[in-house]
Structure formats: C-alpha cells, structure tokens
Amino acid sequence: MTLSKKWQQLIFCGFLGALSFLVPPPGDLAPAGWHVFGVFAATIVGLILKPLPMGVMALLGMVSLCLTRTLTLKEALSGFSIPTIWLVVVAFFISRGIVKTGLGERIAYLFVERFGKKPLFLAYSLVASDLVIAPAMPSNTARAGGILAPIVQSLNTTFGSDPKQGTQNKLGNFLVPVVFQCDVVISAVFLTSMAANPMAVSFASDLLGVNMTWGGWLAASCVPAVISLVLFPLVIYKMNPPELKETPEAPALARQKLDAMGPLKREEKAMAVIFVLLIGLWAGGRYIGLSETLTALLGLCLLLLANVLTWDDIKSEKAAWDTLIWFAILVMMAGFLNTKGMIPWFSKEMSALVAGDNGLVAMAILAVVYFYSHYLFASSTAHVSAMYAAFLSVMASAGAPSTMAAYVLAWFSSLFGCLTHYGSGPAPIFFGAGYVTQNRWWQIGFVLSLLSILIWGGIGCLWGKVLGMW
C-alpha cells in the first residue's frame with residue numbers, strides 16, 4: 001500500500017522531530033533546548049511542505065512538546081497570553097470593517113480618480129491607497145489581493161490589457177508588479193501592516209529587551225519607505241514600460257465606481273473616524289498609558305458599539321482565529337528556544353564565525369544572508385519563525401547595535417517577499433494574473449532586492465543613527 005504524499009510528509013516531519021530525542025545534544029547544550037529545537041524544526045518544515053494547514057501543524061508541535069514532557073501544558077499555552085499576538089488578531093477584525101464597509105475600495109478609487117491620467121501616476125495612486133489602509137490591515141494578502149488586485153484587473157481590462165489576447169504589455173506588465181512590489185515595501189512601514197511584524201517585535205523584546213513601539217517603528221521606517229515608494233515604480237517603469245503612455249479613462253472609471261457606491265454610508269463614516277483615532281493612539285497612546293494592543297481592543301469595541309461590525313463578523317473571521325493558533329504557538333516555541341538554551345548556545349557557536357569582524361560588518365553580512373535565504377521559503381511567517389531570533393542573537397553577540405539590528409531584520413522580514421512569485425501571500429495572486437513571466441518577475445525582484453538592501457539597510461541605518469537608535 002502506497003502512502004499518500006500528505007502522510008509521507010507528515011511521517012518525515014515526525015521523524016525529523018524525533019531525531020532530537022534519539023540523538024544527544026551537541027556540545028554543552030541542555031537536552032530540553034535540543035528537544036524544543038527538534039520539534040520546532042519539524043513544525044517549520046511542516047509549514048513549508050504544508051501537508052496540513054498551518055494551525056494544525058502548530059498544534060501538533062505544541063502537543064508533541066507536552067507529550068514528551070519537554071514543556072508543561074501551562075508553558076505550552078503561554079503564547080496565548082502575549083499581548084502582541086492579540087494585537088495582530090484584533091487588527092484582522094478591524095481590517096474586516098474596512099472591507100465590509102467598502103472604505104478601502106472607496107479610498108483606492110478616490111486616488112485613481114484624482115491622479116490616474118498617466119500609467120505612472122495611476123500606479124502611484126494605487127500605492128498611496130495601499131499605504132493609507134495598511135496600518136489597520138495586518139494581512140498583506142487581504143490588502144493587496146483582496147482590495148487592490150481586483151481594481152488593478154478592472155483597470156487592465158478597461159485599457160484592453162489582457163495576457164490571453166497578447167496585450168499584457170499595454171498596461172498590466174507595469175501595473176501588476178508595481179502594486180505588488182510596493183505592497184511588499186508597505187508591509188515593512190507599519191508595525192501592524194504585516195502579520196509577522198509583531199512576531200519580530202516579540203522576539204526582539206524577549207531576546208535583547210529591545211522595545212519596538214508602533215510609533216517608534218514608523219519613525220524608523222518613514223525615510224527608507226518614502227525613498228522606496230517613490231523610486232520603485234520608476235525602476236519598474238524603466239524595466240517594464242507599458243505601451244500606453246496615457247490613461248485618460250482611468251479617472252472616469254473610478255468616478256463610475258464611486259457613483260455606483262453612492263455617498264458615504266453611516267458605517268463608512270464611523271469606520272473612518274475610528275480608523276483615524278486608532279492611528280493617533282497607536283502613534284502616541286503610550287504617553288497616556290495605552291499600549292498598542294489595548295488601543296486595538298478599544299477600537300474593536302467602538303466598531304461593535306457603532307454596529308460597523310457584529311459579533312457574528314468576529315466569530316466568522318477565520319483568518320484571525322487561524323492566526324491566533326499558529327502565531328501563539330510559534331512565538332511560544334521560539335521563546336522557549338531561548339529560555340531552554342538553544343539560541344544562547346547557537347549564538348555562542350555562530351559568533352565565533354564572525355569573531356574579529358566589526359559589529360556593523362557582521363550585521364550587514366548576516367542581514368544579507370537572512371534576506372536571500374528567502375528563496376528557500378514559501379512563507380514569510382515560516383522564515384521569520386525559523387531564523388529571526390537566531391540571526392538577531394548572533395548579530396548582538398558579534399557586537400552589532402541591538403536596536404538597529406532588530407529593525408533591519410524586521411524590515412527585511414517583509415522586504416524579502418519581493419524576490420519570488422511564491423515567497424509571500426499576495427505574490428501568487430498577482431503573478432497568477434499572467435501579465436509578467438516568471439523570469440521577468442524574478443529579475444524585477446532581484447533588482448529591487450538590491451535597492452531594498454541599500455535603502456533600508458544603508459540609509460535606514462543612517463536614519464537610525466540620527467534618531468539615536470545606535
């Protein structure tokens with residue numbers, strides 16, 4: 001009897017996890033740390049192979065740690081009490097309000113109506129709308145794939161740009177990669193614009209005591225973000241120029257869509273007011289004793305009281321509850337890799353490889369390795385879970401400035417999504433439209449990866465110096 005591919009992959013993951021219980025730990029590493037690493041590694045491989053959904057693989061890993069008595073049940077469930085995790089979950093609920101009310105779509109069409117007369121301006125208008133709604137939408141897949149991708153497709157169709165008819169170069173060959181690549185950048189701009197960002201915040205706090213606030217993140221990212229969002233559409237315009245040089249119908253199409261939507265509804269107005277309030281409190285709430293997570297919970301309560309969202313909306317938000325499960329478990333595992341000794345041991349061993357190097361040089365080398373290792377991953381979350389904490393710890397051991405290293409790796413944890421057509425949630429959606437070949441997609445991604453490293457790793461660090469981060 002031949003086992004299905006799913007069971008072959010599950011057995012492989014189980015064997016990988018069991019190895020740490022069969023093979024003695026290396027050096028002076030404590031057995032508990034070795035065992036947690038084995039189960040964690042098996043879980044990450046499971047997230048990459050995907051024989052089962054992410055939440056199921058994470059649950060299997062958590063239960064394995066309990067059954068082997070590596071962790072107590074209380075320890076295994078400790079991840080669900082971490083405030084940062086609930087920030088992401090509640091942000092999913094808030095983003096549902098933006099989609100449900102149509103506010104996100106309205107914002108995008110307003111930008112198109114105002115600035116969409118040329119392909120380049122049209123691209124910038126879509127990027128601007130993405131930037132506006134990003135702070136309250138931690139799913140870049142929902143933001144880019146759910147709101148912007150249909151608008152991009154509608155615009156391409158309007159201008160007769162269709163890969164099935166061989167006319168993809170009219171507009172779509174330019175517009176599709178611009179919206180995707182700039183969404184990757186926007187995912188690095190706000191702490192709440194990508195689900196894995198709060199994971200990096202939690203790791204940096206637990207490992208090195210680095211406190212990365214919502215406002216602090218934005219202050220650090222704003223300069224490299226502006227440079228990237230201005231430059232990237234120009235670079236793609238040069239690499240993949242559209243045949244159309246004018247798009248005069250775009251504003252009319254946007255106006256048609258806005259007319260169909262009608263005037264602002266009461267729910268949209270309430271969503272807009274609460275959204276602005278959230279941004280303000282996320283930026284400065286700590287000065288009045290409101291943490292980012294408490295602010296998000298307050299915003300959710302206001303949306304429920306204003307009837308923008310109902311309790312049924314909350315219960316049916318599957319992405320939020322799914323994220324809660326796998327996110328909490330992965331953060332818990334990564335935390336115990338540290339407390340059980342695996343990451344300190346790994347840092348000590350790896351720091352010997354960069355011994356004698358300048359701390360900034362070591363940080364640059366390790367950051368580049370971290371960035372391009374994303375070619376091996378089909379999930380940003382899996383990559384961050386597997387490598388962020390370890391690389392940050394090694395950077396700190398090598399003498400790199402802790403706060404700056406934490407931000408660089410956190411930024412790269414979004415930016416490396418530019419590389420491939422499978423490396424982030426929105427990538428398959430935009431690539432699957434067929435406007436850009438795989439070779440061209442990778443070429444654009446590689447060029448922009450070099451620019452991202454220079455802008456965020458170079459100028460971003462210089463800006464961090466101005467802010468006193470190192």
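Which residue lies over the face of Trp-470? Lys-465 does, at 4.5 Å from the ring centre. A charge counts as sitting over a ring if NZ of Lys or CZ of Arg is within 6 Å of the ring centre and within 35 degrees of the ring normal.

Before going on, some ground rules. This is a predicted model, in which local features need pLDDT of at least 70 and side-chain atom pairs count only at pLDDT 80 or more, while totals for chains, interfaces and linings use all residues. Residues are numbered from 1 along each chain as its sequence is written, and side-chain values use heavy atoms, with hydrogens and water left out.

## Aromatic rings

A pair of aromatic rings is described by the distance of the centres and the angle of the planes. Rings of Phe, Tyr and Trp (its six-membered ring) pair if their centres lie within 6.5 Å; planes under 30 degrees apart count as stacked, over 60 as edge-to-face and the rest as tilted. By this rule the model has 22 aromatic pairs. In one of them, the centres of Phe-180 and Trp-441 are 5.1 Å apart and the planes meet at 40°, so the pair is tilted. This pair links distant parts of the chain, with Phe-180 in helix H9 (residues 172-186) and Trp-441 in helix H22 (residues 438-466), 261 residues apart. Helices here (H or I, at least four residues) are DSSP runs, numbered from the N terminus.

Are these two residues, Phe-180 and Trp-441, buried or exposed? Buried means under 20% relative accessible area, exposed over 50%, and partly exposed in between (1.4 Å probe, protein chains only). Phe-180 has 1% relative accessibility, so it counts as buried. Trp-441 is buried too, with a relative accessible area of 2%.

Another pair is Tyr-370 with Phe-416: the ring centres are 5.7 Å apart and the planes at 45°, so this pair is tilted. Tyr-370 sits in helix H18 (residues 359-372), and Phe-416 in the loop between helix H20 (402-415) and helix H21 (426-431), 46 residues apart. Both Tyr-370 and Phe-416 are buried. They also belong to a cluster linked by ring pairs, whose members include Phe-371, Tyr-372, Phe-412 and Trp-442.

Trp-442 has a polar partner as well: a polar contact of 3.0 Å joins its side chain to that of His-421. A polar contact is a pair of N or O atoms within 3.5 Å; within protein, one must be able to donate a hydrogen and the other to accept it, and residues adjacent in sequence count only if both atoms are side-chain atoms. His-421 is found in the loop between H20 and H21, and at 16% relative accessibility it counts as buried.

## Empty spaces

Rolling a probe the size of a water molecule over the atoms shows where empty space is left. On a 1 Å grid over the protein atoms alone, a cavity is a set of points where a 1.4 Å probe fits but cannot get out, and a pocket is an open set with protein on both sides within 12 Å along at least five of seven lines; lining residues have an atom within 4 Å of a point. Grid points are joined across faces, edges and corners, and a volume is the space filled by probe spheres set on the points.

The whole structure has 1 cavity of 30 Å³ or more. About 40 Å³ of space lies in the largest cavity, and its lining includes Phe-203, Asp-206 and Ala-334. The largest pocket has a volume of about 640 Å³. Of its 31 lining residues, Ser-139, Asn-140, Thr-141, Thr-381 and Gly-425 lie nearest its centre.

## Single residues

Here are some residues with their accessibility.

| Residue | Relative accessibility | Class |
|---|---|---|
| Arg-69 | 78% | exposed |
| Asn-307 | 46% | partly exposed |
| Leu-73 | 54% | exposed |
| Thr-101 | 5% | buried |

Arg-69 has a positive phi of about 60° although it is not a glycine, and Asn-307 has one of about 65°. Thr-101 is found in helix H5. A polar atom of the Thr-101 side chain lies 2.8 Å from the backbone oxygen of Gly-97.

Notes:
Helices (H or I, at least four residues) and strands (E, at least two) are DSSP runs, numbered from the N terminus.
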